[in-house]
Number of protein chains: 4
Amino acid sequence: MSRCWVKPQSNRMKKVSQTERQGVVEEQIQVRYGETDRMGHAYYANYLFWFEQARGAWCRARGFTYLQMEEAGIKLPVVEVWTKYRGEVKYDDILVVRVWVSEIKRAAVRFDYEVLNQTSGQITTEGYTWHVAINDSHKAVSFPPEIRAWMDRPLQVFGE
Amino acid sequence: MSRCWVKPQSNRMKKVSQTERQGVVEEQIQVRYGETDRMGHAYYANYLFWFEQARGAWCRARGFTYLQMEEAGIKLPVVEVWTKYRGEVKYDDILVVRVWVSEIKRAAVRFDYEVLNQTSGQITTEGYTWHVAINDSHKAVSFPPEIRAWMDRPLQVFGE
Amino acid sequence: MSRCWVKPQSNRMKKVSQTERQGVVEEQIQVRYGETDRMGHAYYANYLFWFEQARGAWCRARGFTYLQMEEAGIKLPVVEVWTKYRGEVKYDDILVVRVWVSEIKRAAVRFDYEVLNQTSGQITTEGYTWHVAINDSHKAVSFPPEIRAWMDRPLQVFGE
Amino acid sequence: MSRCWVKPQSNRMKKVSQTERQGVVEEQIQVRYGETDRMGHAYYANYLFWFEQARGAWCRARGFTYLQMEEAGIKLPVVEVWTKYRGEVKYDDILVVRVWVSEIKRAAVRFDYEVLNQTSGQITTEGYTWHVAINDSHKAVSFPPEIRAWMDRPLQVFGE
């Protein structure tokens, strides 16, 4: 369940590139019981699953799926992650994960994230992930022009 | 870190076949923080990860690895799971997962499990998983004789 | 994102009680990349997370949340799980998890599940979970009347 | 299964404090099937579980457990994570997670990590986590002197 945006509400990420203005996508996630830990919070690793789900929504909002990218021969493994946890996230909380591309290179792309906890009203998390493009032999490659064109597409109007 | 056994301490599983007597393997696992939930227990899905780790130990105790089985062209996806949760398992508890084959057919195998919580002294869990053999095209197949021979091997003496 | 039903489409579960007819709830789930394994399928433990998410939807469809039940002093830990995996579930597949109560006792409840893979068109999974009611001291208790009344409520009409 | 060290083999972390020299702890981990994804690699979120397991070993190597710290009223939630993924990690690979404290403040502590993939022989991952101390009411607090004393202890000689 995703909605689109033109500009992120807050802008804590340092690096703000041209690409970012192309549009932010929002993905709504509800915290599962199994994603919490004995402290009562969402366990810190689970945010990376949510970031991944949001990247999927980012693709879909441009009219393609990450699965189609893999089927076209390009995978985007994560090579770097940074996450700042600012506020509590608990069971059943409804989160909105905002995702946008903040930098794109010949063979790598950076996604930035901001998590709004709708239940508490707080921006609880921010982060980024760097990805490199690899081919079916797991060799680093430049984005093929057609894949790059997919990623450069403006947001499409879409329902859920 | 695994040890071998000749007979399981308790025997709650109904179906006890010949194969079972071939030997039980024990795998020690310590519960991770991220495996607990807000109730303070290990979340119920995590036991299936531990069963899988124990199956890996079962193979290793016979002198092969499950990875080698996959590399030899046979995968063993799970087709059925049953688990009974009898006692609490908490963060940092040390568990001993006992695993043995209770039934083996031409193209399927059943593993049985018993989990001893060493920290509480209780048998906390029992369960089974059924697996079918599939080839690289994901078609159901009979166990090739050499793979079946691996599985029929007696336990090897081994250190950790 | 849930929808309600009066009757499950297929009925593979053996035990069909009165309670079942009270209504089936559907929860839609899209498979995350991190939920797959090297075989390319959804790893078998992840279905238990999806069952849990569906139980949350079952409560919500009756006008309460499982969180409210815990806040009212009753937790429902899982004491038994059975799952039959019939068909493949892959990355990005859209699943509909159907959940209903098939049996309810003084101090225990059984949920049944059926997973339709909308992407493949197959009923891929069925299963059940047994839960006992425990209080804040983690002692087994009967359902308090007000909680039992929540669970006996008919389905409410609701949007997403 | 942990071993202790005086100095990390490689030293890619920028910030190297006095505390770091107090000793590095190594925790051995074998990659589970369920920790891989359809790309055949360990999914990027799982490293955070391994970091946590290594932090547990770091405590144990000083003669206390993280559980004891929680029972003494201090929890250490993660407030920041950074991870760099340099090489492939696959099913059944044996990893050595090296962990040390690179900075400790009145009310916060930073752990640094380096992951050696023993199966491939590569240093595959490095990272850090920042934690704040909170009390049972989830308020930020300074480390109580007795807890701080635990953390300042030299490594103890220990078997597994």
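**View 1. A buried pair within chain D.** D:Arg98 is buried, with a relative accessible area of 2%; buried means under 20% relative accessible area, exposed over 50%, and partly exposed in between, computed with a 1.4 Å probe on protein chains only. D:Glu26 also counts as buried, at 4% relative accessibility. The side chains of D:Glu26 and D:Arg98 meet in a salt bridge, 2.9 Å from N to O. A salt bridge is a side-chain nitrogen of Lys or Arg within 4 Å of a carboxyl oxygen of Asp or Glu. This pair links distant parts of the chain, 72 residues apart: D:Glu26 is in strand β2 (residues 24–30) and D:Arg98 in strand β4 (residues 94–104) of chain D. Helices (H or I, at least four residues) and strands (E, at least two) are DSSP runs, numbered from the N terminus.

The model is predicted: local features need pLDDT of at least 70, side-chain atom pairs count only at pLDDT 80 or more, and totals for chains, interfaces and linings use all residues. Residues are numbered from 1 along each chain as its sequence is written, chains are lettered from A and ligands numbered from 1 in the order in which they are written, and side-chain values use heavy atoms, with hydrogens and water left out.

View 2. Chain A has three helices and six strands, in the order β-β-α-α-β-β-β-β-α along the sequence. Of its 160 residues, 63% count as buried. A:Glu26, A:Arg98 and A:Glu114 are linked in a network of salt bridges. Over all chains, the structure holds 44 salt bridges.

**View 3. Two salt bridges between chain B and chain C.** B:Glu70 and C:Arg38 meet through their side chains in a salt bridge of 2.3 Å, N to O. B:Glu70 lies in helix α2 (residues 66–71) of chain B and C:Arg38 in the loop between β2 (24–30) and α1 (46–60) of chain C, so the pair joins two chains. B:Glu70 counts as buried at 7% relative accessibility, while C:Arg38 is partly exposed at 28%. A salt bridge also forms between the side chains of C:Glu80 and B:Lys84, at 3.4 Å from N to O. This pair crosses between chains, from strand β3 (residues 78–85) of chain C to strand β3 (residues 78–85) of chain B. C:Glu80 is buried at 12% and B:Lys84 partly exposed at 24%.

**View 4. The interface of chain A and chain D.** Here 30 residues of chain A are in contact with 30 residues of chain D, where contact means heavy atoms within 4.5 Å. The two chains bury about 2500 Å² between them, 58% of it on carbon and sulfur atoms; buried area is the accessible area (1.4 Å probe) that two parts lose on being put together, summed over both. Chain A and chain D share four salt bridges. A:Arg38 forms a salt bridge with D:Glu70, with the closest N and O atoms 2.3 Å apart. On the side of chain A that touches chain D, α1 (46–60), α2 (66–71), β3 (78–85) and β6 (122–132) each supply at least two residues. β3(A) gives the most, with eight residues.

**View 5. The contact of chain B and chain A.** Nine residues from chain B and nine residues from chain A take part. About 930 Å² is buried between the two chains, 64% of it on carbon and sulfur atoms. The count of salt bridges between chain B and chain A is zero.
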